[in-house]
Amino acid sequence: MPELPEVETVVRGIKPSLVGRRVEEMWHDWDKTIHSPTPDEFAARIVGQRFQNVRRRAKYIICELDNDFLVIHLKMTGRLYVVPAENDYDADKWVHFRLQLDDGTQLRFSDMRKFGKVYLTNDIKTITGKLGPEPLEDSFSLDVFEERLAGRSKMIKPLLLDQTFVAGVGNIYADESLHMAGIHPKRRSNSLTDDEVQALHGTVRAALQKGIDQEGASFSWYRKPDGEPGAMHKHFLVFRREGEPCYNCGTMVEKIRVAQRGTHFCPACQPLGS
DNA sequence: CGGACAACCTGGCGGC
DNA sequence: TGCCGCCAGGTTGTCC
């Protein structure tokens with residue numbers, strides 16, 4: 001599910017409920033949801049710690065506690081929200097991790113496919129150390145983008161999905177930003193013209209910012225922490241629009257597979273060339 | 001470095 | 001209605 005805009009929306013939604021709260025108890029029912037340390041050590045360490053801050057890095061949700069970082073990755077179907085402890089557990093049968101907080105609320109991590117992970121560490125670099133730059137920060141300049149492209153030759157779409165190349169872009173926003181830049185997803189990264197590189201640098205940021213402004217895309221599992229859907233899926237240009245006309249030229253949007261991922265593009269606006 | 005593919009899981013959907 | 005195969009927004013590891 002969630003890419004940078006969805007994770008950012010989750011962080012903004014839960015932060016006010018968490019900052020200042022103290023952890024009273026931890027519960028889980030699926031060991032593999034706890035990435036590290038062991039569930040027993042996790043529980044022993046986290047109880048008593050207070051939330052100092054909640055932020056995002058790439059697609060990771062990072063909660064700064066007194067002595068540790070509580071890190072959560074939603075993967076495909078994860079949801080994270082805070083509700084009163086008395087709220088019916090059966091309302092969401094996919095909750096696999098809960099923290100009881102000192103104001104009578106609970107932080108709940110729901111994950112239908114069980115791909116998501118929670119981590120507790122005092123060294124955040126072990127998790128975020130290899131990530132590429134944050135695409136929406138000012139430091140992600142055109143120069144930085146060009147430098148990172150230098151020496152790379154693989155197809156541009158899978159390169160955008162590589163979290164060590166640039167952090168936070170997933171399948172939706174890769175397709176959307178490539179369409180906005182008029183670049184075919186199978187183009188070799190070293191075949192892009194200077195103009196195309198400049199355009200893509202801008203559209204990656206624009207696509208992600210649009211996703212944040214619309215509070216994420218909810219065509220399937222993703223929901224905001226308040227349970228409501230985001231609106232981004234109403235504004236997709238090509239993603240999941242195969243067989244429908246391109247808004248720019250009227251040509252039918254196509255769906256193909258690129259690096260084993262479903263990929264949507266307009267063959268007229270995004271030519272592969274010869 | 002690049003690429004293919006399997007794994008990790010469950011649920012929804014189309015086809016028969 | 002039932003069963004089967006395929007698909008799904010992510011990441012990691014293996015093998016060539």
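A residue counts as buried when its relative accessible area is under 20%. By that criterion, 51% of the 274 residues of chain A are buried. The model is predicted, and the points below are grouped by topic.

**Overall fold and dimensions**
- Chain A contains seven helices and eleven strands.
- Its radius of gyration is 20 Å, close to the 19 Å given by the globule rule for 274 residues, so chain A is as compact as a globular protein of that length.
- Along the principal axes, the C-alpha trace of chain A spans about 60 × 35 × 30 Å.

**Contacts within the chain**
- Of the contacts in chain A between residues at least 6 apart in sequence, 63% join residues at least 24 apart.

**Strand β6 and its partner**
- Strand β6 covers residues 78–84, and five of its seven residues are buried, so β6 is largely enclosed by the rest of the structure.
- Strand β8, made up of residues 105–111, pairs with β6 in the antiparallel sense over seven bridges.
- Within this pairing, G78 has D111 of β8 as its bridge partner.

Notes: Residues are numbered from 1 along each chain as its sequence is written. Chains are lettered from A and ligands numbered from 1 in the order in which they are written. This is a predicted model: local features need pLDDT of at least 70, side-chain atom pairs count only at pLDDT 80 or more; totals for chains, interfaces and linings use all residues. Side-chain values use heavy atoms; hydrogens and water are left out. Helices (H or I, at least four residues) and strands (E, at least two) are DSSP runs, numbered from the N terminus. The radius of gyration is taken over C-alpha atoms; the globule rule is 2.2 Å times the number of residues to the power 0.38. Buried means under 20% relative accessible area, exposed over 50%, partly exposed in between (1.4 Å probe, protein chains only). Contact means heavy atoms within 4.5 Å. Two strands pair if DSSP finds at least two bridges between them.
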